Amino acid sequence: MMASSYNAKDEDGHITVSGPGGGTLRSKKPENTAFKQQRLPAWQPILTAGTVLPAFFIIGLLFIPIGIGLFVTSNNIKEFEVDYTGVDMSSPCFNCSQNFSWNSTKPCTCTIPFYLDQPYESNVYVYYGLSNFYQNHRRYVKSRDDSQLNGDVNSLMSPSKECEPYAFHENKPIAPCGAIANSMFNDTLELFYNDPNGTRIPIPLNTTGIAWWTDKHVKFGNPGGNNPNLTAAFQGTTKPVNWRRPVYELDADPGNNGFINEDFIVWMRTAALPTFRKLYRIINKKSSMVPTLPRGNYTLEVVYNYPVRSFEGRKRVILSTISWMGGKNPFLGIAYITVGSVCFFLGVVLLIIHHKCGNRNNSADISN
Amino acid sequence: QYLCAKHEERRVRANDREYNEKFQYASNCIMTSKYNIVTFLPVNLFEQFQEVANTYFLFLLILQLIPQISSLSWFTTIVPLALVLSITAVKDATDDYFRHKSDNQVNNRQSQVLIRGSLQNEKWMNVRVGDIIKLENNQFVAADLLLLSSSEPHGLCYIETAELDGESNMKVRQSVSVTSALGDPNNLALFDGEVVCEPPNNKLDRFCGTLYWRDKKYTLTNQNMLLRGCVLRNTEACYGLVIFAGPDTKLMQNSGRTKFKRTSIDRLMNTLVLWIFGFLVCMGVILAVGNAVWEREVGSLFQSYLPWDPPVDNFLFSAFLSFWSYVIILNTVVPISLYVSVEVIRLGHSYFINWDQQMFCSQCNTPAEARTTTLNEELGQVEYIFSDKTGTLTQNIMSFNKCSINGKTYGTDPLDFTPFNPLADPNFCFYDDTLLESVKVGDTHTHKFFRLLSLCHTVMSEEKSEGELFYKAQSPDEGALVTAARNFGFVFRSRTPGTITTTEMGRPVTYTLLAILDFNNIRKRMSVIVRNPEGRICLYCKGADTVLLERLHPCNQELMNITSDHLNEYAADGLRTLALAYRDLSEDEWEAWSESHRCADKAASCREDRLAAAYEQIEQDMMLLGATAIEDKLQEGVPETIAVLSLANIKIWVLTGDKQETAVNIGYSCKMLTDDMTEVFIISGHTVQSVRQELGSVCLSLSLFSLQCPPPSPPPPPSNLMDNISGEFALVINGHSLAHALEADMETEFVSTACACKAVICCRVTPLQKAQVVELIKKHKKAVTLAIGDGANDVSMIKSAHIGVGISGQEGIQAVLASDYSFSQFRFLQRLLLVHGRWSYLRMCRFLCYFFYKNFAFTMVHFWFGFFCGFSAQTVYDQYFITLYNIVYTSLPVLAMGIFDQDVPDQRSLEYPKLYEPGQLNLLFNKREFFICIAQGIYTSVVLFFVPCAVLSNATQSTGVPLADYQTFAVTTATTLVIVVSVQIALDTGFWTVINHVFVWGSLGLYFTIMFALHSQTLFKIFPNQFHFVGSAQSTLLQPVVWLTIALATAICIVPVLAFRFLKVDLKPQLSDTVRHTQLVRQKKRKPVGRSVGGAWRGVGRVSEGRLGTRGSRRSGYAFAHQEGFGELITSGKNMRLSSLALANFASRHSSSWIDTLRRKKHSHAHTPPSASGESSPPLYRLPLLFLAGE
């Protein structure tokens, strides 16, 4: 960078600066304010043994009990997980997973028996889990049109470019557009309790209350507002390529149909990691007397629609109870206990070091 | 004239605009502004995009517009870029506005132009080449003029050139004799001479041209020119012909573009930024390779759910795009805000310098000024200071301090003169009332002593009103002596070419001035011969003791011995001494000598020598009167400052144009040299051989103390060998020796020798040599240099040093204009370096460490996430967070730290100069520290990514909804990041003012506020496509698990840092830690901050207050100085205003040869090669004053 050193004003400078007399000259003395003189009152913390060591002990003493509490809570949560991808020959879903095609109209069903060795007392949450599924891929994440999903009619008919190549199909706009919607999980899961006397009792699964409140009520909306006739509202659009039914036939309940279908909303909330689980159904506790899921044999019936074997994906079903801190999460408790112990230990080590060879100069003088 | 280039010339015809317009010379309108309203935007933008950083960000912006690459929305780059560009543009616009204003002001000044025979007022900008303009007293010269005529006799006029070359003394210019006769405007209007001269150039002291008028040629020189920027003084009016106007004037030609200085931190920063770019490319390549592998192994199979974008048909192309996508994402390791923040911090520091009351000089009403705002932190790293002497270390004020009259010495207590003498100069002070008593009593010797001082000089007086006398002396020494005489009742009132009028003890006396035996540096003395009203003739002489004592009448040996003792005593106190003597002449003696003098004066050949011989003849058998001692007053606090600075390990070199004795003398009085020193080496050889020999012997004696001095022949000694020499040495080197020492084959030897010495004084150096010495140290020592000076002769040194400091003193403002910092007292240097410089360096280092840390912590999370998202360049955070992180969420706390942080209070850093050392050794921010910061940043990013990852992957909300969705993860990581870096800045901040509190807490508050706002339903309803994160903040931050995660990650990030820092302070405390600690202890004990504590340097400044013993013999000698030839000017009467005086008979007696003499002398100066004589005058700078040598 270059700068010109000449300034025409400087031609005058000398005269005004050192002009004799100077009676009228304003004093150029800088103001004596604490700010300008850099004398603002200030707190000057110093790392001394008196402040640092107690801090370590306090962190240690806080973290260890929290960690123990978390660990115990997490251990009390019951969780059951079953993989039904059908990779092995022995797996009940092996056949379904083998001869799958998007276009087949005949549903393939497989039945997986399992046994719960503990009764599940409170509400039980049913999740489906996918592995090796990159919902967090950049192109995947952005392949949606939030205006369309919010019920905007213009966007419904002309989806955003982000949705390409799932924006139009056969010259009709796709609703909902984009890769996320197109790849929506569409296996149907049903649970049966095998009564000891041999009858299969279907367990009622709650389809609502599984999405975020803001998603359901703010972010997603059907076109035409509260128009009950969704078929008319989606007139002129076509279903996503991979879907079997159009969006307005996802559920019979008009409050859970179209874009505000909760299964759809849950799917649209993309996962952060390639292995993830999503809430599928809730089994509500019926009464305080009977456990929601008693100990015993169960059957999981899967209508196998969703292919994952092409990219070595896995599908799981998870049943879980919940506590104040959510589902089973042993890591947090262990991490807290570890960090707390390390802090405490560090505190002790530093204390010893400080006493052995530390610089304990508490005088006001500096000895050189 | 032979210098004139023949092929290019300028022709100017007076009073003929039509003729001159043919050549299209520049008009007198100056334009220093760069833009106007129309051109501002394009030109300014063009200039800004010449900055590499800006272009880089523009490139990123273009990348982001490609949809396949764009991993971030365009506004993440354009918002900061626009911010930076507009801030710079506003700054440039303001600067330019002020330039416009000052241009306008200058261009609209009025000047009187002779148009068609009458004087008309014209604006400066309308003055054309070839115009004749009239100047009045105290007016600025509007353009470069050829002086045509003046109101003064002989076409003389006086100018002050302080603006141009920094010299404050007046200069004489004279018009060519034919034009000086023109006189009034009517004649001038008819003047149609044509000037042919050289084209515009920047040489201030040279002009050659020819005036053609009425078929005759007249040679023009610089002596005929009035340059723009000068001020007319003591001249009622003059007329000049415009030769160069506006941008062609020498003033404008000299205001060339200056080199932009960069600090070492700047250079380091640029290197680091390059490294980071390298690192970024590496990351990009790693991730692109990952992308290739992933797309081949997984992505291609995943295509049923996520097909490739149309142009992508294989994994390699995808990897290529992914590389650029990652370049975009990861570019935040070097955010654009880095450069802006650095500038803001430096600006803040500059303001603190400007605002510092303790660097304000109330006498001259000048605050310190940081003229460059980009060098502050380098002030904390200075290792070498190069200082000018006159006006910098000394005040350039001479005070009559002591005297010895007839064997009695005077001078101890302060004295009030006003009751005794109403004509006294109120500023004069002298410390002995016994002298006053002896004057009052009427002691003959005392009276003779002061009579001599009032008569024997070449001072001019000006009496504006009765009793208000102003003396104009060529040298301050002389002024001091005449002022002393004035105060003791022998008042020099006025002079004419033939008389001197004084008031002696209230009685006016007029002496007839018979002759001035002027002074030159061979004679080292001057005399006057006067006839007093009684008719007795007397010769008064003052001069160097060595010269004068030889020429005394042998009758009074005893007095001579006593006086000689006194002289030694004065010299030992660092005073400049003069001996005074007189001789009564009889009428016959006078007549005889007068005749021989007249002969010598008229001699055609060897006039100088014959005059000198004539002077010699009469200056014999004089009677000693006594001696005077003049103090070359040091500026306030100079020895203390030098002591403090050298305790701070800063080496101080004095580079002065003064002669060796004066320089050494000042060296002693400012305690650079002390008698405790093992040896003071003096190198004054004139030839290469002798200089080499002298250097070799210095080296040899140094080696006696260290046994490490390498042989003086090649291979050149590695300079560090001589760094650890016991004992203190000083080196004094003369300018002509320096010229040899600076040659390529000797310079390494010279540098290593000089750097082994504690003090180095270079005397009789030219301005160019000053710069060369600075360059030498810059080249060989790789150290930060600072040059401080006040005169135009220091400009080159100031410009070539890393930091230039100008003393805004009396010697014009040239040095100040060239400088980076200016203040009015040398002692402020310690505060500038030890307080402001140290703080600036500390703050800048802490700022950079933290800044790199926070951006690595922020950015590297994307890298880790790459391994989990198929290397698809998906960001971890919300795009708004990425946009705002650097400019809103984390900028203010670190700025507050960078601007306000203090480790120890200012008075502590002056008390413990050792605190300055980390800066010189560059300990606080170097490559090692940088890697530590980077490592810490990367560690933090690992924690920031993997802890939430591990916790959230299985966690659910208390409603059973999984927490592992992308938005929750983004919010958790971002919040953790903001909290971790806030805790880190809280740890780094050592000085918590209100502002720091507001900024740190405010930033955190702002983060949450903005996040909730961006995730609010209101915004989503307006722009559903822009705010995808609706509801995330609320739903995430209500989860206890999220807060537990944040706390966990923060603890994991901070605890090791805390432990490490504690160990460092506890086991290996730095001096600043200790000072800080003691400060705390002291505050706790409520002990009054005792001055007794830590006065480490105190006393150092005041060693050996008394007589300088053994080697102090007669150092000072003589040092009164002025230009030769003034005596002639006086006696010829040419510079007398009183044109009505009986000049006629004088003019007849003294031929008007003095001008010729003067001109001849000037010429001989100009053509003397610099090394041939001591008083060389390099172009562009003032002629060094000629001194009498003292030996």
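Start by selecting helix α27 of chain B, residues 828-866: 38 of its 39 residues are buried (under 20% relative accessible area, with a 1.4 Å probe and protein chains only). Helices here are DSSP runs of H or I, at least four residues, and strands are runs of E, at least two, numbered from the N terminus. From first C-alpha to last, α27(B) reaches 55 Å, close to the 57 Å expected at 1.5 Å a residue; that expected span is 1.5 Å times one less than the number of residues. Now centre on Gly837(B), where α27(B) kinks by about 30° (the angle between axes fitted to the seven residues ending there and the seven starting there).

This is a predicted model: local features need pLDDT of at least 70, side-chain atom pairs count only at pLDDT 80 or more, and totals for chains, interfaces and linings use all residues. Residues are numbered from 1 along each chain as its sequence is written, chains are lettered from A and ligands numbered from 1 in the order written, and side-chain values use heavy atoms, without hydrogens or water.

Next, pick 499-504 and 507-517 of chain B: strands β22 and β23, antiparallel and joined by six bridges (strands pair if DSSP finds at least two bridges). They make a hairpin with two residues between them, and Met505(B) in the turn has a positive phi of about 50°. Glu504(B) is bridged to Arg507(B).

Last stop: the open six-stranded sheet β3-β2-β4-β13-β5-β11 of chain B, with antiparallel pairing. Its edges are β3 (118-123) and β11 (225-226). Inside, find Leu135(B) opposite Cys238(B).

Key
Buried < 20%, exposed > 50% of the residue type's maximum accessible area, 1.4 Å probe, protein only.
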